[in-house]
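Please open the structure in a viewer and keep the selection tool at hand. The stops below are meant to be followed in order.

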Amino acid sequence: MTKSSILWGMVFALLATSPLYADGHEVNVYSYRQPELVKPLFDAFTQETGIEVNVAFLNKGMIERLEAEGDRSPADLVMTVDISRLQALVDASATQPVKSKILEEAIAPEFRSPDGSWYALTLRARVVYASKERVPDGEVTTYEDLADAKWKGRICTRSGTHPYNLALFSAVIARYGEEVATDWLTGVRDNLARKPQGNDRAQVKAVWAGECDISLGNTYYMGKMLEDDEQQQWANSVRIIFPRFVDGGTHMNVSGVAMTKAAPNKENALRLMEFLASPQAQQIYAEINYEYPVDPSVPRSELVASWGSPKADSVSLSEISALRPTALKLVQEVDYDR
Ligand code: FE
């Protein structure tokens, strides 16, 4: 290679990474969501628009990566579950607000940030998985009830510090304040059958194995377990109960999308966001991951519909994400994972 071709190579590399010279036919996504789920969505998008979607699947460190890359980040969109993770990206100034009539029409105001910094794409309820054998109908109907001594040694959950639990605990704090929430969390902790461990599915396995009678989990795991040869029997040993707050509804969390601050392919990124909110994509979410479409006009999958119809709680997502640090503090104070 000659000196000048090396030089030209460097110039080209610079141009290629500069936002001004972004490729017109691609969009880049950093995703905490799994390949099996997002791949069919992106394939459908590419088929419709001809725009290629490049995805980096991350397990952690998305904010740090975006911060390190700064203005030169190739990422256009970020996708993740959990409201606090979406909010953390916004708080780190890693996102930019997006205005879109299409998104505003498809997604209700409570499921997007007021300035368009993030948009929810799917909803998931945090519910009780109850042993068909050992928990009669009507024995558990509210979240408040989980602290009742009648559940002593009968509840299994994953770690109290997991985002799914922190969001639920934040909803308790939002409703009742810190003091009452501490008592409630202490009560739930005292009712645990074992030290918190494993994921949501592992709790259902423990119910199946007779270690506990009820567990906390997100709705879609029922569908996921039914797809799996080994886990099917765990799923079949339980039924889903939608607890509600005494004066409210069932706690729902979200998965969502945000545009990065540096987005080099802004136009394509917006098109992909709008596609993800479209009935076609919402249907894919509903069928493949058993989530609730954020657009209520899109039908739930037949299986999800068979579990019943939760009424979403009224505590707002922004309140829930704001209370996350308090929830984490309470989990540590009561030594939930002891
Ligand atoms: Fe999950």
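The tour begins at the metal site and then passes to the core, the salt bridges, the surface and the backbone. The model is predicted, and residues are numbered from 1 along each chain as its sequence is written.

**The iron site**

Select the iron ion together with Tyr164, Tyr220 and Tyr221. The OH atoms of these three tyrosines coordinate the iron ion, at 2.0 to 2.1 Å. Along the sequence, the donors follow the spacing Y-x55-Y-Y. Colour helix H6 and helix H8 (residues 220–226) next: Tyr164 belongs to H6 and Tyr221 to H8, so this pair ties together parts that are 57 residues apart in sequence. Both Tyr164 and Tyr221 are buried.

**The nonpolar core**

Which residues have the most contacts inside the largest nonpolar core? Select Phe42, Met79, Tyr129, Leu146 and Leu272, which hold that position in a core of 106 residues. Helix H6 gives the most to this core, contributing twelve residues. Now colour domain 1 (10–123 + 254–302) and domain 2 (124–251 + 311–333) separately; both give residues to the core, so the core lies between them. As a general background, nonpolar side chains in soluble globular proteins tend to be buried together.

The structure holds 18 salt bridges. For one of them, select Glu291 and Arg33, whose side chains meet with an N to O distance of 3.0 Å. This pair links distant parts of the chain, 258 residues apart: Glu291 is in the loop between helix H11 (279–289) and strand E10 (292–293), and Arg33 is in the loop between strand E1 (26–31) and helix H2 (35–49). Are these two residues buried or exposed? Glu291 is buried, with a relative accessible area of 0%, and Arg33 counts as buried at 7%.

**A salt-bridge network**

Select Glu133, Arg134, Glu139, Arg154 and Asp213, which are linked in a network of salt bridges. Centre the view on Arg134. In its salt bridge with Glu133, the closest N and O atoms are 4.0 Å apart; in the one with Asp213, they are 2.5 Å apart. Asp213 sits in the loop between helix H7 (200–208) and strand E7 (214–218), and Arg134 in the loop between strand E5 (119–131) and strand E6 (155–156), so this pair ties together parts that are 79 residues apart in sequence.

**A nonpolar surface patch**

Val180 is found in helix H6 (residues 163–191) and counts as partly exposed, at 43% relative accessibility.

**Two backbone positions**

Most residues other than glycine have a negative phi. Select Asp82, where phi is positive, near 80°. Asp82 is placed in the loop between strand E3 (77–81) and helix H4 (83–91) and is buried, at 0% relative accessibility.

Finally, select Asp335, which has a positive phi of about 55° although it is not a glycine. Asp335 lies in the segment after helix H14 (324–333). At 44% relative accessibility, Asp335 counts as partly exposed, whereas Asp82 is buried.

Methods:
Predicted model: local features only at pLDDT ≥ 70, side-chain atom pairs only at ≥ 80, totals over all residues. Heavy atoms only, no water. Helix = DSSP H or I, 4+ residues; strand = E, 2+ residues; numbered from the N terminus. Buried < 20%, exposed > 50% of the residue type's maximum accessible area, 1.4 Å probe, protein only. Core = buried A, V, L, I, M, F, W, Y, C linked by side-chain atoms within 4.5 Å. Domains from an automatic or database assignment. Donors = N, O, S within 2.8 Å, 3.2 Å for Na, K, Ca; no water.
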